[in-house]
Amino acid sequence: MEQNAEQYAENYPNVKRVSDSLTEQAYMIRARHTNSAGRLFGGNLMAWIDEIGGMAARRHAGSPVTTAAVDSLQFTKPVLPGQTAVLVARVTHVGRTSMEVRVDTYVEYLDGRRELVNRAYLVFVAVKGDKPCPVPGLLLETEEERLEWEAGVRRDELRRQRRKEGF
């Protein structure tokens, strides 16, 4: 990253920042969102993750997107009725027509504290009509964004290997 962000953007006009895709949504957990154990039903959370991930990907691509893969979905603790779930999505890695999106889900307490309860990685493909279309490059402005990009490269390699092995 020899160039600063402004120089990079000038040299590569079809590029967006990670922050351009940042999307946040909050949900009050109600009884209709719970499973028989009285906790947030995982299927509801998965739908919300796919939806917000798609919104972040659309912001980056500037076109419709379709979900290609849910790479990782890790539940670390329950979310209970009356709590607020906050989902935060951002593009972390891009290919020619695809984007990896990280979605973090938090429980937000009344004092404003947030505790991570789920992290998911999804892959979306930009489309025009029925065909994949190119997406902008991704400008990495922080060390955290660079580390996430490098991890995204490794996750992409693992996805390719799993596909090759039929998983």
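Visitor: What makes the largest nonpolar core a core, and which residues have the most contacts inside it?

Guide: In this predicted model, the largest nonpolar core has 31 residues. A set of this kind is called a nonpolar core because its members are buried and joined through side-chain atoms within 4.5 Å. Leu87, Met99, Val101 and Val103 have the most contacts inside this core.

Visitor: Which elements supply at least two residues of this core?

Guide: They are H3, S4, S5 and S6. Of these, H3 gives the most, with 7 residues.

Visitor: What is Val101 in contact with, leaving aside its neighbours within four places in sequence?

Guide: Its contacts include Gly53, Ala56 and Ala57, as well as Ala89, Val91, Tyr121 and Phe124.

Visitor: Why is His60 called buried?

Guide: The relative accessibility of His60 is 0%. Buried means under 20%, and His60 therefore counts as buried. This residue lies in helix H3, which spans residues 42-61. Among the residues that His60 touches beyond four places in sequence are Lys16, Ser21, Met99 and Pro136.

Visitor: What volume does the largest pocket have, and which residues are closest to its centre?

Guide: Its volume is about 270 Å³. Of the 16 residues that line this pocket, Ser98, Val123, Asp156, Arg159 and Arg163 are the closest to its centre. Strands S3, S4, S5 and S6 and helix H4 each give two or more residues to the lining, and H4 gives the most, with 4 residues.

Visitor: How many residues of each class are in the lining of the largest pocket?

Guide: The lining has 6 nonpolar, 4 polar and 6 charged residues.

Methods:
Residues numbered from 1 in each chain as written. Predicted model: local features only at pLDDT ≥ 70, side-chain atom pairs only at ≥ 80, totals over all residues. Heavy atoms only, no water. Buried < 20%, exposed > 50% of the residue type's maximum accessible area, 1.4 Å probe, protein only. Contact = heavy atoms within 4.5 Å. 1 Å grid on protein atoms, 1.4 Å probe; cavity = no way out; pocket = protein on both sides within 12 Å on 5 of 7 lines; lining within 4 Å. Points joined across faces, edges and corners; volume = space filled by probe spheres on them. Nonpolar A, V, L, I, M, F, W, Y, C, P; charged D, E, K, R; others polar.
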